[in-house]
Amino acid sequence: MTTSDDTELRRAIWENGHEPESPARTARAERLLAEVEATGDRPLLITALFNLVSAYTFSLERDKMFVPFARVLRMFDERPEEFGGWEAHHLHWVFKWVSADMLDQPHIPLASISKWHAEMEQRYRVAGHSERAVRQGEHRIAQHVGDHARAERAFAAWLAADRDEMADCHACELHGQGYWQLTRGDDEAALRTWEPVLAGRHTCLHEPHAALASSLLPLLRLGRLDEARANHLRGWRLVRSMDSMRDAAASHIEFCALTGNEARGLELLAERPAYLTEDGGPNSLMEYLAVTAVLTRRLTALGHGAVPVPGPAGRTWTAASLAPHAEAEALALAARFDARNGTAAVSARVRERLSRQPLVDRLPLGVRAARPASAGAGEATSVRADAATSAPVGEGTTASAGEGTSAAGSGEHPSPAPDFAGLLAEARRLSEGLRPEAGDAWAAAERAADREGVELGAYDRAEFAAHRAARRDVADAEAAELLREAAAAYEQAEAWGEAVAAAAKAAYSLALAGDAPGAVAASAAALDRARGEHATGRAQARHLAAALLCRGRVLHELSLREPSSGGTPPGNAGDDLSAQASAALRELLDFAGPHGADPHLAVRISEAHARLGDLAEHREEPAEAAGHLRLAAETADGAGLGWFAVEPYARLAQVGVRLDRPDTAEEAALAALERGTDLLTPAGYSQLHGLLMDVYAGTDRDDRAAAHALQAAHWADEAGLSEGPGAWARLRLGGLYVRLGRTDEALAVLEAALVDLTAERHGDDAVVQARWWLGDCLAARQEHREAAEQYLLAADVAKDWPDKGRPDHARLAHLAAGALEQAGLRDEAARAFERAGELWRALGETADLVRTLRARAWLLAYEDGQEALALMERAVEECEAADADGLREVLADTCLQTARLLSRTGEDTELAALPWADRAAEAFRAAGDRIGVLDAELLAAWTESDGGREADARERARRIIGLCAGDDEETGPYRVEAESLLEYLSGE
């Protein structure tokens, strides 16, 4: 609007000065200056000019601040009497801004900057100010041009000079001092210097924002990763909307590029596209372009050069095209500074920043930002299908590779080419050792055979067919056919044991493919033949064990597809499949037990126990399941095959949770993680960390729970499961951070969780909980309007809940009302408290109803005292009508608040507050609340004093002192105030 009245203009200037940094704030400052100029009011013009200088300084148009400041400086020199105390002080204060911003403009000659700095020194001396700010400015100039000796001298002089009203605030000074220590290579010293700022003991409008950003790199270099993560999450939220914090934003993007969080770095880059082009602050633009180059070059190195990225307007950018552009622009700006300075210092700093390499492969942040095209995305199994696994996950490459793949006994071996021969030998060695790498080795050998045109013998063809069948991309029906081919080839090679083992495995593949009759018949036939071959010595124990196990596998698989009462496979009418499967697996255990020292038999024993555990779980016998799963894991471990123990340990952990045995669950999950390196899929890692999160959270070990929730969210993102398990893990992580008092981290994580949390996928209770926690965090950060929004959104969902959810609806409505009040939205708060009161009344919750009435009374206290008093009286009536022992203190507190309302609002005619205070004291006494009694008695005493009843006030004050007898920290302040009242009365 256009303002004409001076008062309105002053108010508009004041309001604009308190607006957030934005182009709109700057534009309004320009309009207000034009309006003020039309009035001819010079004092008001000074205020408007300062407003514009401030708007330019804290924007992306910092280069425009010099003209209005020069104008106000000239006005001061011409008529200093027009400058009051605040204006004169502010003029000298802004001098520092101008000196610093000149240094950031490469078109301003260094001689001009030095001259300006000398003028600042002279003006400060004339005004009687300390030289502390002057020496700080000198240090900044010397540091910028690379004159380290002069910078060191100026730094010492800066610290030695007295602090006065012209010195930067403690927070800003500490940031500058720590930055110099960082420049000298002392990360530890810099972080020690910044500690009071990072801890929140010294703050200002731009701190700890800047210190948080500056701390990221030294924390990473020192390996203090948890602190670095926390400072990033906390700091980015502070700077993301501030135009003047581009250099801090650059540090956060750099942090992402150096910690494996490139996708998040792109998200941050996209939030402020203007940062890449706005040239009002060339120095911060240079730094921002440099980290943009680091980020996009990193993406290109990872194979994501074609990923679209935000960039300057006018063309489409990819990571590969933006990287050299950003680097060239950054170096060009650095060259301009160096040309102005006559040194190479700025270019050297920029080149050093451009050369930085990742300090951490991947630092989980808890917020959603998976790597582009993340490997492993979408995998839902817990152990990699191409790695060694126990059978509960499925037939892994090692399981098939380990069944008699030795060349001994084979009847035909051609002479392959050397490369192929080496690869084949390695594959056989790994298979014999049951190594998880065997599958990859067989694939490499097969590729070599194709490449070299090797003519394979029957035994070789059998091996390759068997291992090809185990690959994850081969369908079950195809696998069955490949295994039948392998069996036939083994027969041709007269490798009878391998032939029956392959035939048995083919039967299991048929079961997986859904051919129950074929699977049952084939497994029976394979087992019969294996018994015969073993009896004649043409098959080893491992081959018979394989056939026994495959029979158990087939029956187990079919039992899972039948109702829990059991089904009947063809040819076994009336028998229970689960019982048959158990019998077959126990037969394997009886046979293989004496041969357990053989790793190939041990792995079969392990799998049999794992499957028996699964059958027990399906019978709802978790204790028996736990016993078998532990035996499965320990058998694999005992044979030196820890990678086969991963899956049984993981399942034992889940059963431990069901049995309410947190120690078992914790031990097993940690064992699975320890043995699962390079074997677990991202989804498997997420599941195990999520389980540990639940175990630790359920046993009040929140720090550990949060650490595992963080990992669960990270691995869910890596698996492409951000919208499901990832969102759930983030919700839990946010809640744990809330419980741990890590509010800033909780804010960032919960905001990220809400992107993916939906009522359909996660339940509306999860959405409500996330918004509730987020509202609490926002309220703790004094962002009350935003907190109210979250509470109201949660309440809108909870309003449709059945009876058991109604208290949550009421509580959220109440919290929203309180947040609206704190945000200064009094009318909205009054309506919200009224609505919350209706909800509490419907629930019969008198205490909470009374609290809403009291809140409404205080909102009206200074506008309509009579209505406020009426609301307080209604609150008292509600307490009395309920007539419940639990409401004694509520009644007492309501009486006390009524007395206070009367005494504070001028409604206290004829000592009207006194009976309310006496009634409060009596009620507190009945409730056994001595502090409440003292509160009420003290208010009554002051009321009597102010009402002219000095004798009564003295008597009551002495009574209060008597109640405070003894050295009691709780009652001490009341005794002191009562004694002060007596002194005050004696003075009258």
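The largest nonpolar core in this predicted model has 139 residues. Phe255, Tyr288, Val350, Tyr649, Leu757 and Leu812 are the members with the most contacts inside this core. Helix α15, residues 282-301, supplies the largest share, 10 residues. A second core of 42 residues is separate and includes Ile13, Leu45, Val72 and Met166.

**Packing and burial**
- Leaving aside residues up to four places away in sequence, Tyr288 touches Arg246, Ala249, Ala250, Ile253, Leu268, Leu269, Arg272, Tyr275 and Leu276.
- Of the 988 residues in the chain, 55% are buried.
- In soluble globular proteins, nonpolar side chains tend to be buried together.
- Counting contacts between residues at least 6 apart in sequence, 65% join residues at least 24 apart.

**Fold and overall dimensions**
- The chain contains 46 helices and 2 strands.
- Its radius of gyration is 38 Å, whereas the globule rule gives 30 Å for 988 residues, so the chain is more spread out than a compact globule.
- The C-alpha trace spans about 120 × 85 × 55 Å along its principal axes.

**Surface and charge**
- The accessible surface of the chain is about 41,200 Å², and carbon and sulfur atoms account for 50% of that area.
- There are 161 negative and 107 positive side chains in the chain.
- The centres of these two charge sets lie 3 Å apart.

Definitions and conventions
Residues are numbered from 1 along each chain as its sequence is written. This is a predicted model: local features need pLDDT of at least 70, side-chain atom pairs count only at pLDDT 80 or more; totals for chains, interfaces and linings use all residues. Side-chain values use heavy atoms; hydrogens and water are left out. Helices (H or I, at least four residues) and strands (E, at least two) are DSSP runs, numbered from the N terminus. The radius of gyration is taken over C-alpha atoms; the globule rule is 2.2 Å times the number of residues to the power 0.38. Buried means under 20% relative accessible area, exposed over 50%, partly exposed in between (1.4 Å probe, protein chains only). Contact means heavy atoms within 4.5 Å. Accessible areas come from the Shrake-Rupley method with a 1.4 Å probe; for residues, only the protein chains shown count as cover. Lys and Arg count as positive and Asp and Glu as negative; His and the chain ends are not counted. The place of a charge is taken as NZ of Lys, CZ of Arg, CG of Asp or CD of Glu. A nonpolar core is a set of buried Ala, Val, Leu, Ile, Met, Phe, Trp, Tyr and Cys residues joined through side-chain atoms within 4.5 Å.
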